[in-house]
Amino acid sequence: GLSKIKCDLMIPENNKNHHTEEISTERLIVRRGQPFTITVSFSAPVHNYLQQMKRTFLIVQTGSHRYKADELQTEFPISSLGDQRQWSAAVEEQDPNFWTLCVNTPANAPIGQYTLLLRASKSSHFLGNFTLLFNPWCRDDEVFLANEAQRQEYILNQDGIIYQGNENTVLAQPWDFSQFEEDMVDICFILLALGEHFQREKDPAQRKNPVHVCRAVAAMLNCSELRCLTECEPGQHPDGIPPSTWLGSSPILRQWIASKFQPVRYGQCWVFAAVLCSVLRCLGIPTRVVTGFTWAHNTKSSLSVDEYYDEDGTLLAQDNTARVWTFHVWNECWMARTDLLPEYSGWQALDATCQEKSKGPSFCGPAPVHAIKEGDTQVDYDVCYFFAAINAKCQVWIHKADDTLKPAFGGTKYTGNNISTKSVGSERCEDITHNYKYPEGSLQEKKVLEKAYRNMKELETTSSSSTTQFISFPTALEEPVNLFIHLQSNSSLQLGQDITLSIEMFNHSDGEKATHLVVGIQALHYNGVPIAQLWKEEFHFNLQSNSVNNLQVSVPYTWFGKELGENHLLRVTAVLRDEDSFYMYLAQEEISICDSPVTIEFPENMVQYKPSTAKISLQNPLMEPLEQCVIAVTGQGLIYRQRNYRLGSVQAKSTQELQIPFTPTRAGPRRLTARLTCLQLQNLKSYRTTNIAAA
């Protein structure tokens, strides 16, 4: 009898109750702090074995059927009453030949892959395997999130949006998190185990702590020897895939596993953040992707950063790594910080992109967003790095032909603008800058900056490390008020559209001024590295006293469209030189090419499991053919993995259409994404969400 025990793990019911049915309907995957039900069947009536059954226990252990020293094992009796605060099992229903058991897991149990055994008398019987995840639905779990719409978004939503572009034109880029695809949960635990190994964390009980899990996973993405992804200099992708080509996380993680943990080439900040979001959502930690515009990277906690231009306003490539990025992407994770004061619980900033730090691992966080806003830079982990990145002032310098540096007046830039994330339950962009900073120029902002500066100076004096540079507080340069320059341009352009520039020059002095103006356009990588000077023109003006001169310039697309770079970013500069005093005045604007020429159309009514067809149109807006066009199409629950369609050439000002047959396998809102790559343009993405009726 007892040698022939069978167990039904009741997977469909349990997984549905634990919000894991999208991960699997064939494996038991449950969330901690919430009971699950199993049925144990005996081959003969139980009363035949009363002596053996007097004391029966369940055993849960991590790892394989055979327990090892570095794994966890817990044994607990089967009783008539369960205890919800700890591992326990209660008989809910019994019959001569079977028991229905309710198994409780503590809300602080280590997450992991467990084996379940039944011990009666001296023998143990294997019942099955289950996976235990964090539980944002459980009030006692450190990752508890009270709002159901937020849980749906930050745990269960697989369709993401990552914001790029510039602070005046925030562009939505689709991303497929695919955190519930088959085998993703196993990949996530492999990633976690390797991250722990890299961090030299040997205690499996640490997995109860979401801070530990976040740090172990972040370490694995970009910082360890076995890292999942390799970072590249923008525009340089030898033997690899350009970061902007990726459409989702699962191809990256699958490639990493298939290659036996060879780093996947290549990723940049948005790829690291997107993959980290997939892994943490899969493990049950509420996570979102956040973009900040004008981000001071690698400042080593300094509140000032410099940018250098030549006398014609061309941005110069710098040797030092501290630089202002047009945008940067990181994550936020929701959790209680039991290691800190209660006010630091909530959203935590976590950044898997490598930083140059004086000590510790090269990722950053989790850092309480509240601590960043309040300037509490001494708080763990790495608050000072986030604070400096979004509060540093950028001073612009002109590198003159005689190798001297002159300040460019009017060129000071402020960092940490338009911090954005996808809003809950919609594809709208939500501005969350107020979570990170007080309003620009407010009294609170001034107090926070002073407090942070004091904290950072204390850190500097107590730090024994000689590599940390002096934390400099930015001082305003005395600006001569005689001249002023104002530049206006389209902050976003349609493909093929010309640039229109408007430049206003103000002379506030009582005398006439002889001036020299240079206007230029450069292609730019997202991380502030210049690609190429695309256009430049010089002008000479005699500005009358107390007057305004206005200059309108039109730059045809054909002059700059050939070298847009991977992020389709342009920087426009105008440098005005006073010929008498040699003071230099600079104004700058950034422009993003914003529209993809690809559109997607669905038929009106689509039903799960019924064949359907989507129409994809490629409209060439240019005056030349688009050569070697390839459209990649992907869509969770609509098509299986990624399909590539080769279109060849699309003639100037013409449209080509594609019919995409598919059979939806999942009901509800589903997204189709199309990415265009051709000789002239790289990785322009479009997406469309539709609703699939349940069969």
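This note sets out numbered points on the model, from its domains to its voids and backbone.

1. Basis. The structure is a predicted model, in which local features need pLDDT of at least 70 and side-chain atom pairs count only at pLDDT 80 or more, whereas totals for chains, interfaces and linings use all residues. Residues are numbered from 1 along each chain as its sequence is written, and side-chain values use heavy atoms, with hydrogens and water left out.

2. Domains. The chain is divided into domain 1 (5-133), domain 2 (151-163 + 172-462), domain 3 (481-592) and domain 4 (598-692), with bounds that come from an automatic or database domain assignment. Taken over C-alpha atoms, the centres of domain 1 and domain 2 are separated by 40 Å, and their contact (heavy atoms within 4.5 Å) takes 19 residues from domain 1 and 16 residues from domain 2.

3. Interface of domains 1 and 2. The size of an interface is often given as the accessible area lost when the parts come together. Here domain 1 and domain 2 bury about 1,400 Å² between them, with 62% of it on carbon and sulfur atoms; buried area is the accessible area (1.4 Å probe) that two parts lose on being put together, summed over both. Across this interface the rule finds 1 salt bridge, the term standing for a side-chain nitrogen of Lys or Arg within 4 Å of a carboxyl oxygen of Asp or Glu.

4. Salt bridges. The structure holds 26 salt bridges. In one of them, Asp312 pairs with Lys536, and the closest N and O atoms are 2.8 Å apart. This pair links distant parts of the chain, since Asp312 lies in the loop between β15 (304-310) and β16 (323-335) while Lys536 lies in strand β28 (residues 530-543), 224 residues apart. Helices (H or I, at least four residues) and strands (E, at least two) are DSSP runs, numbered from the N terminus. Another salt bridge joins Asp186 to Arg27, with 2.9 Å between the closest N and O atoms.

5. Largest pocket. About 880 Å³ of space lies in the largest pocket; on a 1 Å grid over the protein atoms alone, a pocket is an open set with protein on both sides within 12 Å along at least five of seven lines, and a cavity is a set of points where a 1.4 Å probe fits but cannot get out, lining residues having an atom within 4 Å of a point. Grid points are joined across faces, edges and corners, and a volume is the space filled by probe spheres set on the points. Of the 36 residues that line the largest pocket, Glu181, Arg254, Gln636, Tyr640 and Arg641 lie nearest its centre. Helix α6 (residues 250-258) gives the largest share of this lining, 4 residues. The lining divides into 11 nonpolar, 13 polar and 12 charged residues, where Ala, Val, Leu, Ile, Met, Phe, Trp, Tyr, Cys and Pro count as nonpolar, Asp, Glu, Lys and Arg as charged, and the others, Gly among them, as polar.

6. Cavities. The count comes to 3 cavities of 30 Å³ or more, and the largest cavity has a volume of about 80 Å³. Its lining residues include Glu153, Phe177, Arg281 and Lys422, and by class the lining has 4 nonpolar, 2 polar and 4 charged residues.

7. Backbone. A cis peptide bond, with omega of about 5°, joins Arg265 and Tyr266, and Tyr266 is found in strand β13 (residues 264-267). The peptide bond from Gly365 to Pro366 is also cis, with omega near 0°, and Pro366 is found in strand β18 (residues 364-368).
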